[in-house]
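Please look at the sequence and the three-dimensional structure below, and keep both in view while reading.

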Amino acid sequence: MIWITILPICSVSHYGRAIVMPNLKPPITTTAAAVAYRESILKALPASSNFTPLMTLYLTDTTSPDEIKLARKTGVVFAVKLYPAGATTNSQDGVTDLFGKCVHVLEEMVEQNMPLLVHGEVTDPIVDIFDREKVFIDTILQPLIQRLPQLKVVMEHITTMDAVKFVESCKEGFVAATVTPQHLVLNRNALFQGGLRPHNYCLPVLKREIHRQAVVSAVTSGSRKFFLGTDSAPHERGRKECACGCAGIYNAPVALSLYAKVFEEMGALDKLEAFTSFNGPDFYGLPRNTSKIKLTKIPWKVPEAFSFSFGDIIPMFAGNTLEWQPSLI
């Protein structure tokens, strides 16, 4: 039912499958590494779990077309992730020149019907952090779609009305977008209310209220181009509450409830199932899940001291960063 990079137990119980993000230390850049990572996930699952990890490769300047062919042949690698170098957590090994170094790989992805998943931000320090998504669309994504119109692209965790308009303008079935719960319920004021709020810091960063409203309207419209992608990222408290805290919001325990709340407030609960469970697998060409989840509306207040120990998370990562990317229910 969803996409990931690490497996909190609550996510395994809520979701039947997940796109597994490859930004580990070291990154998952080869098919062999993806297969090994998949095996470690399966071994860590509870015996009763039917959870299916859908693996991805980490695109680099040196990824080869043959690696894409090999990945497709395995039947367990479902996409390739583009991280512009320096854009987000563990992206230092990402792409520095997409059109100069990766065109042959992208052409092979078209041949193999392998989707490209995009962290859609430029990394030029001259560009304002709140404008990086729009500039990425204008300078990289739009030219990419024009050059390779048959390439399937998912713009992950969109945050702006610019991204909404771009996705809506593209041909259905070739360009889609995921949306996180935090970008539906929070705007950039949440970073500074009563002081600096490090647990509301993620990348792409929260945007203005007009952008939040545009994204909410898009996902609750019933469009098949938008689907669930939590981008849930649990980090150690000390790495968030420090002089230079890391990016990422851990939303896995409450993600489905937050999505339901947003859809209910928009009078669109009848469209929630498609957003969470149909649009994603349809885009990837996967069968829809047949199992069901029942959501019950009850009052709940976040406890004052609300935290999880790493003992509550199945550790499937390398290095000391936990990244979690649910997207496809």
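## Helices H6 and H7

How close do the axes of helix H6 (residues 132–147) and helix H7 (residues 161–169) come, and at roughly what angle do they cross? In this model, which is predicted rather than determined by experiment, the two axes come within 10 Å of each other and cross at roughly 15°. Angles under 35 degrees count as roughly parallel, and H6 and H7 are therefore described as roughly parallel to each other. The crossing of these two helices is right-handed.

On the side of H6, the contact is made by Glu133, Lys134, Ile137, Leu141, Gln142 and Ile145, while H7 contributes Asp162, Ala163 and Phe166. When the residues of this contact between H6 and H7 are sorted by class, five are nonpolar, one is polar and three are charged.

## Helices H3 and H5

Two packed helices are described by the angle between their axes and the distance between the axes, and this description can be applied again to another pair. The axes of helix H3 (residues 65–74) and helix H5 (residues 103–112) come within 8 Å, and they cross at roughly 25°. That angle makes H3 roughly parallel to H5, and the crossing of H3 and H5 is right-handed.

Which residues make the contact between H3 and H5? From H3 come Pro65, Ile68, Lys69 and Arg72, and from H5 come His104, Val105, Glu108, Met109 and Gln112. The contact of H3 with H5 has four nonpolar residues, together with two polar and three charged ones.

## Helices H11 and H12

The contact of H11 with H12 divides into six nonpolar residues, one polar residue and no charged residues.

## Backbone features in loops

Most residues other than glycine have a negative phi, and most peptide bonds are trans. A cis peptide bond joins lysine 25 and proline 26, with an omega of about -5°, and proline 26 lies in the loop between strand E2 (17–20) and helix H2 (31–44). Leucine 203 and proline 204 are also joined by a cis peptide bond, for which omega is about 0°; proline 204 is found in the loop between helix H8 (182–185) and helix H9 (209–219).

Asparagine 90, although not a glycine, has a positive phi of about 55°. Its place is in the loop between strand E4 (77–82) and helix H4 (98–101).

## Pockets and cavities

Rolling a probe the size of a water molecule over the atoms shows where empty space is left. The second largest pocket has a volume of about 240 Å³, and among the 13 residues that line this pocket, the closest to its centre are Leu196, Pro198, Tyr201, Lys240 and Gly245. By class, the lining of the second largest pocket has nine nonpolar residues, one polar residue and three charged residues.

How many cavities of 30 Å³ or more does a search of the whole structure find? The search finds two of them, and the second largest cavity holds about 30 Å³ of space. This second largest cavity is lined by Thr159, His183, Leu186, Lys207, Arg208 and Arg212, a lining that divides into one nonpolar, two polar and three charged residues.

Key
Residues numbered from 1 in each chain as written. Predicted model: local features only at pLDDT ≥ 70, side-chain atom pairs only at ≥ 80, totals over all residues. Heavy atoms only, no water. Axes fitted to C-alpha atoms, helices over the stretch in contact; angles between N-to-C directions. Helix = DSSP H or I, 4+ residues; strand = E, 2+ residues; numbered from the N terminus. Parallel < 35°, antiparallel > 145°, perpendicular 65-115°, else oblique. Left-handed = near helix turned anticlockwise from the far one by under 90°. Contact = heavy atoms within 4.5 Å. Nonpolar A, V, L, I, M, F, W, Y, C, P; charged D, E, K, R; others polar. 1 Å grid on protein atoms, 1.4 Å probe; cavity = no way out; pocket = protein on both sides within 12 Å on 5 of 7 lines; lining within 4 Å. Points joined across faces, edges and corners; volume = space filled by probe spheres on them.
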